[in-house]
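Open the model in your viewer and keep the selection tool ready.

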Amino acid sequence: MAAQKIKGKGENEQLIDPVAEMPGFDDTESKIAILGHPVHAMSVAFPIALTFCTFAADLLYWWTGDPFWARAAVWAVGAAFLLGMFAGLSGTAELLLVSGIRVRAAAWTHFIIAVTLLSLLGTNWGYRLLGYESAVLPYGILLSAVGVLIAGFTGWHGGKLVFDYRLGTSKGN
Ligand code: HEM
């Protein structure tokens, strides 16, 4: 981040570094980790993969009419929701406990996208519990298709937090 000038000081104007002014900005360690490996990063693969599996099972049900795929979809989306909640809890703990993560706007953006995804997964699962076969066409598969898009966006954005902002990677100060 570029240093800013304090205006109105004439010749002797001072330069301040907003990063240096913010204690803990560079503290981006992971606090919810097993031997230094973040639990959040380890757990997000499951809800993402299961969200894609749900959509694939819906497409196969549409194509074949075999109730097996409708049953596979209700299990896949239920597991995606529950494992997504687990991943979300570990991510939320990081967000609240680590000051360098808490101060980044991008971390809160990721939180909002992820909660949208979790709400969608919960809706998709709950809707299917009322009748998993009749739920697929058309609304179940539509919810799954939107889920795939939002899961992709959530995962891509999470990667941005790690690979661009290096969140969860430092060992702290
Ligand atoms: C609901 C609250 C959530 C919060 C507050 C949150 C927060 C974070 C944070 C702080 C990171 C940086 C790495 C770390 O500190 O562990 C991260 C990474 C990531 N998040 Fe989330 N997250 C949430 C939910 C989710 C969900 C539901 C998914 C996907 C289903 C997801 C996907 C990812 C991915 C893919 C990464 C990158 C992991 C890596 O490449 O190492 N997050 N998240």
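**Start at α7**

Select α7. Its buried residues pack against α3 (45-64), α4 (67-97) and α6 (105-129). This is a predicted model: local features need pLDDT of at least 70, side-chain atom pairs count only at pLDDT 80 or more, and totals for chains, interfaces and linings use all residues. Residues are numbered from 1 along each chain as its sequence is written. Helices (H or I, at least four residues) are DSSP runs, numbered from the N terminus.

Which residues of α7 are buried? Within residues 136-163, pick out Val136, Gly140, Ile141, Leu143, Ser144, Gly147, Ala151, Thr154, Gly158 and Leu161. Buried means that 20 or more other C-beta atoms, placed from the backbone, lie within 10 Å of the residue's own.

**Next: α3 with α4**

Show α3 and α4. Their axes (lines fitted to C-alpha atoms over the stretch in contact) come within 8 Å and cross at roughly 165°. The two helices are therefore roughly antiparallel, a term for angles over 145 degrees between N-to-C directions. Select the contact (C-beta atoms, placed from the backbone, within 7 Å). Among its residues are Phe46, Leu50 and Tyr61 of α3, and Trp69, Val77 and Leu83 of α4.

Contact residues include Phe81, Met85 and Leu95 of α4, and Phe111, Trp125 and Arg128 of α6.

Technical notes:
A residue is buried if 20 or more other C-beta atoms lie within 10 Å of its own, exposed if 12 or fewer, and partly exposed in between; C-beta atoms are placed from the backbone. Two residues are in contact if their C-beta atoms, placed from the backbone, lie within 7 Å. Axes are lines fitted to C-alpha atoms, for helices over the stretch in contact, and angles run from 0 to 180 degrees between N-to-C directions. Angles under 35 degrees count as roughly parallel, over 145 as roughly antiparallel, 65 to 115 as roughly perpendicular and the rest as oblique.
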